[in-house]
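Please open the model in a viewer and keep the sequence panel at hand. The stops below follow one another as a series of selections.

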Amino acid sequence: MISAGVYKICSDSIALAYDTNSYIADNMLSIQGEVEEESFMITNDNAAQMVYKEAGNIYVDFNTYGNKVIINKTVTALQNHVLAHYGPINDFLSENNIKVKLTFSTLSDNLGYTIDSGNIEE
Amino acid sequence: MAISKDNVVFVYRNNDMGSSTVAGHYSDKHGLSPLQLIGIDCSDTEILPNYATFLSEVEDPIKNAVHGLPFENTWVIILGYNVPGGFYDGIDIISSTSRIARMDHTYVKGENNPLYDRKIFQRFGSTELGKAYVTSRIDGPTVAFAKNIINNGYAAYNQKYCGGKLFLDPYTDIYIHANYSDPYGTGENYRDELLNFEEIAADVLNINICSTSLTDPYLDTTISKLIHDGFYWGSIISDGSNTFFEETDSQRLFFYNVDIDSAFSVRTISNQYWCYLALNNDYAACAGSMSEASYSGLLRPKPFFDSLIRGGTVGESFLYSCPQLNWTIAFFGDPLVTTQFPFKGTVPFVRGIPTSDVDTYPQSYTTVVEYDRPSGFPNYSYEDDVNHGLPGNSGVIDEGLSGNQWQRVADYTGEALARASESSTDLEIAYNAIASSGDVATAVDLLYKMGILNKRFNNKYRSATFSNLCRGVMLYGTQKFAHEYQTQTSTRIADMNFSLTDALDSWNVMMSTLIMEAVAPSIDILTRNEQDNFYTARQARDDGELDIGELKYRQPLIAETKTTLSSRDFYTIGNKYSSLSMSPVLLESEYSDLIGIDRINTSGVWDFIFYLQEEVYDFVDYHFRLQVSETSDFSSILYTLNSSEDTSNWYYEKLPEQYAVIPDDGVDTRFVGRRIKYRETIHTLTTGVLYYFRISQIIGDTVYSARTFSKVINA
């Protein structure tokens, strides 16, 4: 059975990974926005186009199904492990005084594992 | 919306036929509505005995009338014929125009003008109205005299072009006259300001300038008469005469003589008062002191002409160049007059006096930056400051904007890398915690899934994902600089040989180490095959050519024979590696040649840049408090940095894109809209961690509401 400490480390790192995913995707869009304004980008085959294209590739990489599926599967594995070896997730959290990050609670809730507000960091 | 006749009210004296006649004349010329003519019950005394009398006779009636109008766009108040022109306050005479400009504020003699010489130019509008009105006086010894002022103003108003000379007189009496000294400066300092203005005026205004020069320190050099004049800015202390004004074939626009009584009276026919003489000789507008103004109160030519160049009316240009209000300087004439100069546009007319204390240190480490200027300001740029919004100035290299634009692209990239790095570290800790937990069920259920997630963010994956982008960002900087250089100098790109260092040096910006690491990752994170390729390439370099024949490519390597790589070299090498699907390894020599080490950020240092915003409608000095926290609610504050306690590392944008250390007194109102920078080198922050920054502006003991930003440290 997972310890409270390891659960907290895992849930926090998953939350950070998800936030990072979104953050990187947003940054890539911002880069495209900056480069789009370059007038010489239109006429020349140059590094501006290279930046634009690569930022788009990374955006797709971080914002599409693949990464999210991996994150969701990790959340599912973690919560199923608790359910299988301990019981209700909220009991596990409250009895071990674990407060998860809001991002993790949202991910968990979307997958059907609702976390009570008392077990979420303020 | 710029000032127009719709913003004007004309004040006349009730039951005074001459006064109403002059008001009617102005109204006829400009097409004012009857509501724009305000009659007040006041005496016809030119200088009232005290402020209380002025308040009851002039100020309160005007204020009540203006605020009672059915429209709220009254920006300009003209005091007409026989309306009192000032009042005594001790030994000083306060001009009506100066007091009425601040009539919505408590009377404080000689207070600093919050609209004086603002470093971000803005035409007068509703934002400025809360601080001061544009005011003027149209008066004289006779009705005909006052009507002639209006006629001259109207002629200038319609001419819209300046053909006359500027007579500038830095050396006459002010050089030796001690009366202008105050704790902030002397007549000699003022002379230096005029000389400084003269240095750039000829190129900026592109009109003929007649100036005095110093031939003998014991002899005055003076302008003996004005011929073909459009402007006069001088300092003759002795009486004048009408013969001083000879013929001119162009409209006379503005006259200002630095003395102690130019504007004492315009109703007295006397050679003693230069404002009277100027108006009598067809100047459309003029200014002068009703009593001694001192150094701090004198008009300044640079903000005056800067405003005129940018399309400001002569009335608002006067207001912008007048350091103090509720003071003795008076303005006469039609405030709506504008003019245009035959702009040549080769020399920047920077809003600020160039000095040696500006700093040109690199723009950015990890920079927390407020990108948008405060609302209400026009989009400001260095280019605007150079061009004045006028066409025909194509030879200016816009260094600041280009650098900022590239810096943002590099920052977004560096931040993404930093966040990925932080996430990678956390996931690795989680993976290792599961692996070392000793619980079989935990390992069976979670280790594989966490391992996959970990791989998505680890160093190898990150490097592979971001390497092309980072290489593109670096190449983009070089090409962007080369392109701009070509555009601005008509040099063929083929004849140029720039490196990224050239671009960063020119823009004075820096690049994150993370970008460099992604382009040239550590050899030990490569696969064995990639390592082999690397060693093959390095051997090829040592042999004088890049021999990677098994990958179907051979080409002499140029890195060994050059100290820097050109953009084309870099592009060639970058594409070669990219097209070969090879790990983006640059040879070690290229790594160091591509960008100078002094343009790579030092780990953990950071900048914070924000715009000075206006908190009050007075002229004040601002200090700043910056707080740094790891939590968004600032429940735990890592650092509190207060410029009023220590100005070290605090800078303000004294000139566009150039920073100077914040003075001990703080940064004054004129710099609202310019940037403030805090540069931290001691309280370093951890790379990859998200921090929150909170900045508050301070006036005296009052701390104003904070603005909050967040940023991942990306170096």
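Select helix α2 (residues 39–43) of chain A, which has the lowest mean pLDDT among the elements of that chain, 54; helix α5 (residues 89–95) of chain A has the highest, 96. Elements here are DSSP runs numbered from the N terminus: helices are H or I with at least four residues, and strands are E with at least two.

Two conventions apply throughout. Residues are numbered from 1 along each chain as its sequence is written, while chains are lettered from A and ligands numbered from 1 in the order in which they are written. As the model is predicted, local features need pLDDT of at least 70 and side-chain atom pairs count only at pLDDT 80 or more, whereas totals for chains, interfaces and linings use all residues.

**Helix α1 of chain A and its partners in the chain**

Select α1 (residues 4–36) and α3 (residues 47–63) of chain A. Their axes come within 8 Å and cross at roughly 155°; axes are lines fitted to C-alpha atoms, for helices over the stretch in contact, and angles run from 0 to 180 degrees between N-to-C directions. α1(A) and α3(A) are therefore roughly antiparallel, given that angles over 145 degrees count as roughly antiparallel, those under 35 as roughly parallel, 65 to 115 as roughly perpendicular and the rest as oblique.

From α1(A), the residues in contact include I24(A), M28(A), I31(A) and V35(A); from α3(A), they include V51(A), Y52(A), A55(A) and F62(A). Contact requires that the C-beta atoms of two residues, placed from the backbone, lie within 7 Å. The contact of α1(A) with α3(A) has 13 nonpolar, four polar and no charged residues. In this classification Ala, Val, Leu, Ile, Met, Phe, Trp, Tyr, Cys and Pro are nonpolar, Asp, Glu, Lys and Arg are charged, and the others, Gly among them, are polar.

**Across to chain B**

Which helix of chain B packs against α1(A) at an angle of about 30°? Select α12(B): its axis lies 12 Å from that of α1(A), and the two helices are therefore roughly parallel. Their crossing is left-handed. V6(A), C10(A) and A17(A) of α1(A) meet T442(B), L446(B), M450(B), L453(B) and F457(B) of α12(B). This contact comprises seven nonpolar, one polar and no charged residues.

**Sheets of chain B**

Move to the open sheet of three strands in the order β3-β5-β6 of chain B, whose pairing is mixed; two strands pair if DSSP finds at least two bridges between them. The edge strands are β3 (47–48) and β6 (92–95) of chain B. Four bridges join β5 (residues 86–89) of chain B to β6(B) in an antiparallel arrangement, with Y88(B) partnered by I93(B). Helix α2 (residues 51–67) of chain B lies across β3 and β5 of that chain, at about 155° to β5(B).

Then select β26 (residues 675–680) of chain B, to which six bridges join the antiparallel strand β20 (residues 606–611) of chain B. F608(B) has Y678(B) as its bridge partner. Three bridges also join β23 (residues 650–655) of chain B to β26(B), again antiparallel, and here Y651(B) is partnered by K677(B).

**Confidence in chain B**

Finally, colour chain B by pLDDT: its mean is 78, and 74% of its residues reach 70 or more. Residues 344–364 of chain B stay under 50, and residues 376–400 of chain B are also below 50. Where pLDDT is low, the predicted coordinates should not be read in detail. For the model, the scores are ipTM 0.92 and pTM 0.66.

Note on methods
pLDDT = per-residue confidence, 0-100. Left-handed = near helix turned anticlockwise from the far one by under 90°.
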